[in-house]
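Here is a friendly walk through one protein model. Please keep the sequence and the 3D view open as you read.

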Amino acid sequence: MAAISAFQASSSTSSGAAGADNRNARRIAVVERDPDLRQQILHSLQTRQFAIVECANATALYRNLLTAPCDIAVIASDLPDDNPRSVALHLRQHSDIGIIVLDAEAGCHGEADSYHEIADACFAKPVDLDGLAAVVTAMHSLQHHMRAMPARAGAGQPEWELALDGWTLRTPEGASIDLSAPERNVLLRLVNTGAGGHPVSHDSLIGSLTSDVYDFDPHRLEMLIYRLRKKVALMSPLPLPLRAVRGMGYLCTIVRSNN
């Protein structure tokens with residue numbers, strides 16, 4: 001197994017510990033078997049003041065995350081010991097880490113489309129380093145925004161409204177968020193079945209997305225909700241009023257619009 005090392009952006013100034021601590025809070029895992037490409041990505045992201053954890057395989061990633069949590073993982077599709085789908089699903093279950101896949105076979109066998117289902121972003125190889133750095137920066141900013149929302153949320157209980165036809169979610173501030181068909185189906189099920197403060201089971205929510213709940217990957221539901229939260233975070237300083245109820249499903253306090 002390849003050696004693993006953590007790198008921080010270098011600094012020739014002595015502005016000191018505060019700057020270093022800030023970089024430590026901007027940690028990105030790069031999981032790529034090619035050491036040359038890892039170094040290229042490392043140098044590109046270091047110019048944006050990110051600290052990089054280099055991993056040659058998935059095993060190294062898991063080992064590093066035990067001691068050095070990361071905000072975003074950049075994962076190659078051709079790892080020697082695992083595939084990005086398994087890695088992404090594992091990370092999704094246990095963290096809110098952002099996931100970017102580097103697709104070694106973009107355009108072949110529809111793989112790029114399947115990676116878009118499990119990742120927040122996908123880049124074809126050879127990698128556009130400037131584009132990757134820009135996406136990592138944007139994702140990190142969004143994560144910071146989402147994690148800070150509970151502290152900014154007011155103490156009151158503002159109403160979120162789902163349009164009668166289910167295609168639009170209205171925030172307490174009056175912003176309108178257009179929903180995709182899967183998002184609409186899930187929110188309609190949450191609002192209708194969960195009226196009165198009742199949790200809605202995972203199976204019920206999956207049933208709003210497919211007629212065959214037994215042949216549906218339940219992690220796709222988690223990813224749909226994860227992305228919906230991110231979409232809402234771009235439009236409102238308040239968090240989406242949807243929370244997981246351990247062992248049961250999800251509880252939602254969105255109401256149906258009266259007009």
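This is a predicted model: local features need pLDDT of at least 70, side-chain atom pairs count only at pLDDT 80 or more; totals for chains, interfaces and linings use all residues.

Residues are numbered from 1 along each chain as its sequence is written, and side-chain values use heavy atoms, with hydrogens and water left out.

**The chain as a whole**

The average pLDDT (the predictor's confidence in each residue, from 0 to 100) is 78, and 77% of the residues score at least 70. Residues 1-24 stay under 50, and the model gives them 29 contacts (heavy atoms within 4.5 Å) beyond four places in sequence. Residues 107-113 also have a pLDDT below 50, with three contacts beyond near neighbours in sequence.

You will find nine helices and 13 strands; these are DSSP runs numbered from the N terminus, with helices being H or I of at least four residues and strands E of at least two. Of the 259 residues, 44% are buried, where buried means under 20% relative accessible area, exposed over 50% and partly exposed in between (1.4 Å probe, protein chains only). Among contacts with a separation of 6 or more, 63% join residues 24 or more positions apart.

**The second largest pocket**

A pocket here is an open set of points on a 1 Å grid over the protein atoms alone, where a 1.4 Å probe fits, with protein on both sides within 12 Å along at least five of seven lines; lining residues have an atom within 4 Å of a point. Twelve residues line the second largest pocket, and those closest to its centre are Pro182, Arg220, Met223, Leu224 and Arg227. Two elements, α7 (181-193) and α9 (219-233), each give two or more residues to this lining. The largest share comes from α9, with six residues.

**Single residues to look at**

Helix α9 also holds Lys230. Gln49 sits in the loop between α2 (35-46) and β3 (51-55). The table sets out the accessibility of these two residues.

| Residue | Relative accessible area | Class |
|---|---|---|
| Lys230 | 14% | buried |
| Gln49 | 35% | partly exposed |

Finally, the peptide bond from Lys125 to Pro126 is cis, with omega near 0°. Pro126 belongs to the loop between β6 (121-124) and α6 (129-152).
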